[in-house]
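User: Could you go through this one with me before I set anything up?

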Amino acid sequence: MSEPAARRNPWVALAVLCLGNFLILLDTSIVNTAAPQIMRDLDTGIDEILWVLNAYLLALASLLIVAGRLGDLLGPRRVFVAGLAGFAVASLLCGAARTPGELIAARAVQGLAAATLLPQALVLISAIFPPARRGAAFGIFTAVAGLAAVSGPTLGGLLLTDLGWRWIFLINIPLGVAGVVATLRLVPDLRSPRPSGFDPVGVLLATAGLVAVAYALVEGERLSWGPAIGAVTVPMILVAGVVMLLVFVGWERRHRAPLVPTRLFGDRTFTAAVVITMSTSFALYGFLLVFVIETQTLLGMSPLLAGVTALPWTLTLSAVAPVAGRLTDRVGGRLLLMVGLAAFAAGVFAVAVVPGTDATPATFVLPLMLVGVGMGAAIAPTTTEAMRAVPQVLGGAASGVLNTARQVGGVLGAAVAGALLQHRLVDGLHASVTARAEQLPPELRPAFVDGFERAAAHGLNLGAGQHGGVSPPPGLAAGPAQRFSTAAADAFADAFLPAARATLTLVAVVLLCAAVLAAFVRRRATVAQPPAVVPPVAVSTAGASTRDQRDRRRPAPHRHVRTSEGAAGTGPVPRS
């Protein structure tokens, strides 16, 4: 299909953009599913597996704003293609990793490539769809994004069961190559007005600040919040990161060509949408981490069965999100956001209090359906309202900020949930191990207690069936060994359930705060844009109907695009 043909059918281009978005967001959640198998295969603990998760998220979050500016300079399609190709190469490096360090480094490279392509998708969607259809397009796009995030357990379970954890990365290679070819053929090459400058100091401040904060959150519990590098302590690194981010904000306010134009935050809807996006991402990745460990380690489910258990969540989300997108076009997103976030919180809390050690996949059906309804009702309206709130000339910067908020929320969610879970789990193990040791013969009690103490001191191994990494002493007869393993599983369960409930309760509280914040989103509906004001070379060249084609042949008085907010902006122009 030629490029003009692609512009006549923006839904085809949307499908290609959704593929790229699906791949990079799937890799933020599918690794959670593979975490137990990776820990067992690479002989590592929860501290390093958190870095396998967060190296990707951190690299992704740190460079999204820079990548949005690169799209303005070089063209969003060109940067999208480069990012997708780099993502495929990095996936090969992940699949070939032999040590935790190699895997962490490859995941960081993968995150850099993902950061390159992700901001371009929202810019292209805003350009090729008229305002009256943009909510529906964002609804589909965000439904695919949410589907990618929650499909990790299901797709990961299938791959892990039949092929092993390396294939969760290797499968990206043929899909990435196909995505590059499809993008070049089906996505129009649009160009925005070039930005007036670049801000390398802002890049350094934002990146260094995010790296420092994430490092402190991930490593703090393992290092007992003490020394990290020589005399430098974890709290010092955390404070330094926060200070650098505050300096970044001050620098951006004075810079003539800031990475983040401060006038974006002059609109309360955009500001609220950014915070809500960060909160929902925090909740998603914090919830996923606990859910995967609970199903595979505590309940002993296989990766495939854990994925099947998550199907009600996946199916409900994919059904609700497109409907929410269309409703946002008609009635606005405020009510949907408030209801969706509250439902999301209720579902998370239900998962916190309902399951026990005898839980089955059926136990999770209703709570996960509630989570899916809440996510589906909240994610699409957040994106639509955020992009609607700014003029199109700031679309690249707005997309970078929104995606950065999403990924920073994911980093914080995984780090905070992991740290809180591990802290409460270690604390709970002291009492549960002592109690369960009394059920063992006296000669086994020292090995039982010492095993858990060593495991807690070096990072608990939470692989499937490992129960913290404590196993019977070598040479023990079958009967005593079974009693030892049963006592270890019971001690782990006694400590894990309260720790998981505390962690998920925190996640639910964050979502409820976001629901309150949603009240600040303006109550409005999108007003359809009159066709006559859209020039043939600007945004509406991506119309999708015969009537639109007739409208585009009418002469237009000027080259400016009037947004639904009444703010004039210049849209991206197809490259000749």
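Predicted model: local features only at pLDDT ≥ 70, side-chain atom pairs only at ≥ 80, totals over all residues.

User: Fine, overall figures then. How many helices and strands does the protein have?

Analyst: The protein has 20 helices and six strands, and its chain of 576 residues has 59% of them buried.

User: And the surface, what does that come to, and how much of it belongs to carbon and sulfur?

Analyst: The accessible surface of the protein comes to about 21400 Å², and carbon and sulfur atoms account for 67% of that area.

User: What share of the contacts with a separation of 6 or more comes from residues 24 or more positions apart?

Analyst: That share is 84% in this protein, counted among the contacts with a separation of 6 or more.

User: Let's look at a helix pair. At what angle do α14 and α16 pack?

Analyst: Helix α14, residues 311-331, and helix α16, residues 365-388, pack at an angle of about 35 degrees, and their axes lie 7 Å apart. The crossing of these two helices is right-handed, and their contact is made up, by class, of 15 nonpolar, six polar and three charged residues.

User: Is α16 buried or exposed, taken as a whole?

Analyst: Of the 24 residues of α16, 19 are buried, so this helix is largely enclosed by the rest of the structure. From its first C-alpha to its last, α16 reaches 35 Å, which is close to the 34 Å expected at 1.5 Å a residue.

User: What about Leu-366, buried or exposed?

Analyst: Leu-366 belongs to α16, yet its relative accessible area is 67%, and it counts as exposed because that value is over the 50% cut-off. Its C-alpha atom is separated by 8.2 Å from that of Gly-347, a residue 19 positions away along the chain.

User: And over on α14, where does Ser-318 stand for accessibility?

Analyst: Ser-318, which is found in helix α14, has a relative accessibility of 29% and counts as partly exposed. The C-alpha atoms of Ser-318 and Thr-142 are separated by 9.3 Å, although the two residues are 176 residues apart along the chain.

User: Switching topic: which residues of α4 are buried?

Analyst: Helix α4 covers residues 64-74 and is mostly covered, with eight of its eleven residues buried. Those are Leu-64, Ile-65, Val-66, Ala-67, Gly-68, Arg-69, Gly-71 and Asp-72.

User: What follows α4?

Analyst: Gly-75 follows α4, and the phi of this glycine is positive, near 105 degrees.

User: Now Ser-432, what is Ser-432 in contact with?

Analyst: Setting aside neighbours within four places in sequence, Ser-432 is in contact with Ala-491, Asp-494 and Ala-495. Ser-432 sits in helix α17, residues 395-437, and counts as buried because its relative accessibility of 8% is under the 20% cut-off.

User: Last one, Arg-483: where is Arg-483 found, and what does it touch?

Analyst: Arg-483 is found in helix α19, which runs over residues 478-517, and, not counting residues up to four places away in sequence, it touches Gln-439, Leu-440 and Pro-441. At 45% relative accessibility, Arg-483 counts as partly exposed, and its C-alpha is 9.1 Å from that of Pro-472, a residue eleven positions away in sequence.

How values were computed: Residues numbered from 1 in each chain as written. Heavy atoms only, no water. Axes fitted to C-alpha atoms, helices over the stretch in contact; angles between N-to-C directions. Helix = DSSP H or I, 4+ residues; strand = E, 2+ residues; numbered from the N terminus. Left-handed = near helix turned anticlockwise from the far one by under 90°. Nonpolar A, V, L, I, M, F, W, Y, C, P; charged D, E, K, R; others polar. Buried < 20%, exposed > 50% of the residue type's maximum accessible area, 1.4 Å probe, protein only. Contact = heavy atoms within 4.5 Å. Areas by Shrake-Rupley, 256 points an atom, 1.4 Å probe, with all protein chains shown as cover. Expected span 1.5 Å × (residues − 1).
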